[in-house]
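Trainee: I would like to go through this model and ask what stands behind each term used for it.
Mentor: Go ahead, one term at a time.

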There are 2 protein chains.
Amino acid sequence: MPNDTSMTTAPAAAKVPTASLPETVVGSRAARKEDQRLLSGAGNFGHDMQRPRMTHARVIRSGVAHGRIINIDIAEAKALPGVVDVVTAQDLPDMPRIPVRIQVQEVDLDDYLQPVLAFDEVRYVGEPVAVVLAEDAYVAEDAAELVVVEIDELPVTLDTTAVDDGADVTIAADFSMGFGAVADAFTAAHHVTELTFDIGRHSAVPMEPRTLVVDPVALDTLEIFGSTKVPVFNRRVLSDMLELDEQKIHMHAVDAGGGFGVRGEFYPEDFLIPWLARRAKRPVSWAEDRAEHLVAVNHSRQQRHKLSVAMAKDGTILGLKADVIHDNGAYARTHGIIVPELTIAMLPGPYRIPAYDGHVRVALSNKTPCGTYRAPGRFEGTSSREQLFDKAAAEVGIDRVEFRRRNLLTAHEMPHERPMSTLGTDVILDEGDFLELFNKTLDRASELGWQDEVRRGRSEGRVMGLGIATFLEKSGLGPNDTADVEITRRGRVRVYSGGTSLGQGIETALAQVAADVLPVGMDQIDVINGDTAEQPFGTGSWASRSTVVTGSAVHQACKKVAARLIELAGRMLGHTPDELVINGSTVQSRLDPNQRKTFAEIVAASMPGSIYLHEDEPSGIRVRHRFTVDHMTYPYGTHVCLVEIHPETGQVEVRRYLVAYEIGVAVNPMMIEGQLRGGIAQGIGGSLLEEFTYDEAGQPQSTTFMDYLMPTACEIPDMELLISANFPASTNPLGVRGAGEGGLTAAGGCLASGVRDALCNGDPAAVDIIKLPITPAYVARYLNRHAKDRR
Amino acid sequence: MPNDTSMTTAPAAAKVPTASLPETVVGSRAARKEDQRLLSGAGNFGHDMQRPRMTHARVIRSGVAHGRIINIDIAEAKALPGVVDVVTAQDLPDMPRIPVRIQVQEVDLDDYLQPVLAFDEVRYVGEPVAVVLAEDAYVAEDAAELVVVEIDELPVTLDTTAVDDGADVTIAADFSMGFGAVADAFTAAHHVTELTFDIGRHSAVPMEPRTLVVDPVALDTLEIFGSTKVPVFNRRVLSDMLELDEQKIHMHAVDAGGGFGVRGEFYPEDFLIPWLARRAKRPVSWAEDRAEHLVAVNHSRQQRHKLSVAMAKDGTILGLKADVIHDNGAYARTHGIIVPELTIAMLPGPYRIPAYDGHVRVALSNKTPCGTYRAPGRFEGTSSREQLFDKAAAEVGIDRVEFRRRNLLTAHEMPHERPMSTLGTDVILDEGDFLELFNKTLDRASELGWQDEVRRGRSEGRVMGLGIATFLEKSGLGPNDTADVEITRRGRVRVYSGGTSLGQGIETALAQVAADVLPVGMDQIDVINGDTAEQPFGTGSWASRSTVVTGSAVHQACKKVAARLIELAGRMLGHTPDELVINGSTVQSRLDPNQRKTFAEIVAASMPGSIYLHEDEPSGIRVRHRFTVDHMTYPYGTHVCLVEIHPETGQVEVRRYLVAYEIGVAVNPMMIEGQLRGGIAQGIGGSLLEEFTYDEAGQPQSTTFMDYLMPTACEIPDMELLISANFPASTNPLGVRGAGEGGLTAAGGCLASGVRDALCNGDPAAVDIIKLPITPAYVARYLNRHAKDRR
């Protein structure tokens, strides 16, 4: 697997590389196959689908955070002309609640699963209680307003951290993991640093909210458009709920701009819309509006971390403890407990930690239920840990960079096993040199003159700081994915992947992987993602796993296809397979290149009735391969940022941002840069701006973009990227590590570090950042103190 | 494969059998799975499909039988509001003409293939010359009338038999087959009987004309609804013409009431409508009207047969000669020359013929091109041969029944090889006893008192006669078909067959075949036909081959599935496969029935990640099997009818009809009865009523149902059926022989025999029937002579 393994620095503006062409398509900055469609307006988005006699659904949601449903009066709504149907939980069949997708740590969440419609109690504002179906979306909205939901209000739980003060908070799960003699480490410590850190509730807000179009009549299957992340899982859940063969449910691929976890797995609407369509025997279209989106989709991130680190005199870490309260909102949704599980499993990060104890309580509150958001658990853990270590370094009197250098793992310590499990896999850090990349990153920041820039700024009286955070990621979660690869009668290649297209460029990445084994050229390869009919064993796209796991499945399926092409060509040409070689879209003799058969000719020879096809062999050339992997692979990196705080407002301006990331093998450096840049922007949003807040009654306060603040282009600085491909992963045949999350993982830690550095103004122990987002109001408190100190 | 192999007589009105239940589902009168859908109005017909922004196509056809196109003025049509597009051959891409589907006898028809739109010359009235696309069907028809087609008329060829008088007729193919010393046989003969017999031009006229709906935009494939007979072949042809991967073309299954050949394979519209849809980037709907149907679809049957039979003194046949002129209309369509080829290959029929010579000329005329119609070639051959043998018996002074008894093949002469080939297969008659079934049929007619009824009638002065004809059919044409069988996660069975549903009950028949291997019950089996995505290697439904070839593929795929279920259950239960047995929808231990796993549990154990699934094994339980067969199987039978001629009008009234048929194994006796009854009705139509006629300019005279006469319920008598299942076929594992055509094959011969018998009035040599249909005008001629003779 040849690849450009040299360290490359990608400048802020993408440039066309002048280097000689790579020998492989993997590694090239191939143009994205999906862009022609997307840029020409030919993208196929969920809500584009129109069907004759299509009806429109509107979900009626609880306006009360906690209460008992007394009555839902649908009579007036039903009577409105144009209304097709109005349903409440009374109308639903008997069926299971929405199940958890990945069961881990043997935690039973059955009592906390969400029903598709609330039937006796509502537990958060936004919980679905009824659905209206009407001839058009306007009538549906009007009718929804005529549904009278009578609710007896009950007391609300909003602050789950109050459980430590004895408040009555439901704990849905309580578990620990760790290793080493933690108590001994803390006893023996020269110094212990403690930090309580709160990560604010926020989530991804894709431009296109969730949409579903379901057609139960046009074909003999229930056609569903809009499922984006794990269509095969969603089909399975729906099949169970509807008691309908999965084969009668066809999830079609759609384009979707952004997944990030929030588009989710199986939401209540994923049952309600198909069920209503079958009930009405008419197509149904549904799209949430922005206000709905902000209360209905999975929230994420909200956790309190109580951390403590035990150190030797020289700052060497002896032990680490983390006590996490996860505010999961009202119900356990499909992610189950993987966010808090990942938090504590990954919290030790890239450091040499001899003893560790992580403890989590998953608490329920009367807020929107939670799920995953890009870099789940790692963003939270890295944010708090890196601030803890900045504080620890200050407390033991060591420079924060030096503190990290002493404690980061290096190549000769790999593989590094941590006797814990997460997502059902053992934590074994594979190849890498965390210290080396950390050093290179800081060298790069020096080259760019950022330290000097801060110094200069401060000398001019500006409040500036440099943030530094280093992180460990994970990717390539198994246990498997399945890919089909087919050669068409015209000699083209078709890849039917188990992944889904979320804007991440999976069509391009998988085509590149295929093009190295079947070198027909990128324009001769079609990649089909997210179609349950074409790939019924697909595992979807999430957790930075598609390039690793799906890509490996594609790679191996292509190899099988290549072998089959050679086998059949051998029969046609009278050669043994080892005498033949693939060249472009032909198989030819190694000795006499005129002895050749095109892929198209070979496919024709594989058709039923061909004299070259043996009786017991399958017709055509389409191979399915299931790639299985036991362990994850662990990419890593370092973030450096330069922030300036505006004293008048408390606003944090991010002036420079550098991400260094070890990718193993870069399938498409351009797309990796895109992933990292987008991650940085989301990280800035989550660290400085975005937060779902509630009033004392549990009423959400962030239901518009006036209140839920997203970064705009103005908030996003020039970015520097340092993509390293020095440690190809040994866990997969491509050597790749996932690239989906590393731009975001350390953003909270890095920005907190930068703000701390700015506010400390040379006194490293002056200020601890104890929460995200770092809002102007929060910063202003320290600025006031700062100002007072200066007076 | 247990089956009721006893001789059964089905009465005119179906009755529920009182016999004990059969041990197998095959052999039972299972209710048709398709009927609930069809009878409740939930059938999915081609034209039912509605798509947003759908346009409507109208084909403009030549009004001239032969001429040179001078100009086609589309300006006015294009200007009509609501017109989307108007195209002529000028607009077409460069591409091949519509190819022949089955190439036989090494005949090259390239010069005679039909273009999708006429570009320089028109060759029949009805030939497509342009297409209009409009917002609705009304505008499309209006616009079509505004297209001005200027044509210079050329001389027409209408009577292809004039070739023997030296007329200039294009002969597209000229070939012979036969065996034995024919010249010697005729030299040695005691007597030679000759007959020239014309079969009239007619075809099937299904209630629903051809329809197509093509959607090029809703999904990422070209979705096509309306292809019914050979969707995989049609997809391949379209793929070649559009230069588009087959995988991007999805032929969906539709319900269709009646195939019979006429719905065809690839017609010009099968290119034009998809191509227009892609050009317009909008869905297109097209349906031919009745007048169009009667000039646009394949005509069939029109042949002149010059036959002669050489006999010994006792009527033993020594040799047979057939010289056939096939009027193929203006172009060679997809059937190529298989109708005339089958005519001469099958003409010797069930008789012992020591020497045979068959010669065919395929002539072109300025009439609608021809194709297959139910029992192609056999209807024509049997009609003429049986009349020849009636005449021969009369001429040598032997009773026509006795004549046949002396010459029919019997069981001890089987297999009977005729050194000829048809449809690419050698003619080897397999099991059977043609004489035995002939005798039983006549015994049955006697039991029913038909001979007495004729005698009684004649004594009352009525003109009555008994028709007798015996025939050989063929079915189970290979070379292969492919079926997939899948077990769903709910434990249900899904069959993805290569056949198509044309009303013949294939869903039911294949479910019965599956139910004997996977005994989950008929309601737990879904059969999917005619979907190119689900079964890309399907060969379609035609030539009475689906139950034989597709059924065998299903049977063997089910056996593989059963073996896989047992293998996995063995792993789960810790048993070897031979310790286990399938019972209902479970696999259980032979010794301890409590040791069991349901199909659903076994499927769950086959999913990716299962501990029971080996690394290199495919996930799920779906097996594809290709059944291959070299030889056809030959069913056979005898028809007997009782006709009365009304002297005032010449009308032939069919008062009684009996068909005896050897089916090998009857999968569903009820459906076989339906097939035979429908065949009789079509046979009566083709023999007495239906004919496409032309005036001297080549203008079709039968373009409405006022002129093209179909039989109604009044013309159809009570029918008696005698289904024999005494000779299971050895060429397939089910032992079945096709049942699609035998109700029709001998109808022409039998009715001609009956009319002859009626008109002869005791003098067997008085009248020869020399043409079909036997119209009142034709009969009246003989009646007049009759009356004269009597005077």
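This is a predicted model: local features need pLDDT of at least 70, side-chain atom pairs count only at pLDDT 80 or more; totals for chains, interfaces and linings use all residues.

Trainee: What makes helix α8 of chain A count as largely enclosed by the rest of the structure?
Mentor: A residue is buried if 20 or more other C-beta atoms lie within 10 Å of its own. Nine of the nine residues of α8(A), residues 338–346, are buried, so the helix is largely enclosed. The buried residues include A:Pro340, A:Glu341 and A:Thr343 as well as A:Ile338 and A:Leu342.

Trainee: How do you know on which side of helix α3 of chain A the buried residues lie?
Mentor: In α3(A), residues 137–146, the buried residues are A:Val139, A:Ala140, A:Ala143 and A:Ala144. They cover an arc of only 140° around the axis, which puts them on the same side of the helix. An α-helix has 3.6 residues a turn, so residues three or four places apart point the same way.

Trainee: What do the buried residues of α3(A) pack against?
Mentor: They pack against β2 (55–61), α2 (75–79), β4 (83–88) and β6 (128–134) of chain A.

Trainee: Why is the relation between the chains called a two-fold axis?
Mentor: Chain B is superposed on chain A by a rotation of 180° with 0.0 Å of shift along its axis, at an RMSD of 0.0 Å. That is the relation of a two-fold axis.

Trainee: How do you know through which surface the copies meet?
Mentor: In all, 31 residues of chain B are in contact with 31 residues of chain A. Of the interface residues of chain B, 100% are also interface residues in chain A, so the copies meet through the same surface.

Trainee: Which strand supplies the largest share of the side of chain B that touches chain A?
Mentor: That is β26(B), with three residues. By class, this side of chain B has 10 nonpolar, 11 polar and 10 charged residues.

Trainee: What makes β22 and β26 of chain B edge strands?
Mentor: Four strands form an open sheet with mixed pairing, in the order β22-β21-β20-β26 of chain B. Both β22(B) and β26(B) pair on one side only, hence the name.

Trainee: How many bridges join β21(B) to β22(B)?
Mentor: Four bridges join them, and the two strands run parallel. Two strands pair if there are at least two bridges between them, so this count meets the cut-off. B:Tyr496 stands opposite B:Ile528 in β22(B).

Trainee: Which strands does helix α14 of chain B lie across?
Mentor: Helix α14(B), residues 546–573, lies across β20, β21 and β26 of chain B, running at about 140° to β26(B).

Note on methods: Residues are numbered from 1 along each chain as its sequence is written. Chains are lettered from A and ligands numbered from 1 in the order in which they are written. A residue is buried if 20 or more other C-beta atoms lie within 10 Å of its own, exposed if 12 or fewer, and partly exposed in between; C-beta atoms are placed from the backbone. The arc is that of the directions from the helix axis to the C-beta atoms. Two residues are in contact if their C-beta atoms, placed from the backbone, lie within 7 Å. Ala, Val, Leu, Ile, Met, Phe, Trp, Tyr, Cys and Pro count as nonpolar, Asp, Glu, Lys and Arg as charged, and the others, Gly among them, as polar. Copies are superposed by least squares on the C-alpha atoms of residues with pLDDT of at least 70 in both. Axes are lines fitted to C-alpha atoms, for helices over the stretch in contact, and angles run from 0 to 180 degrees between N-to-C directions.
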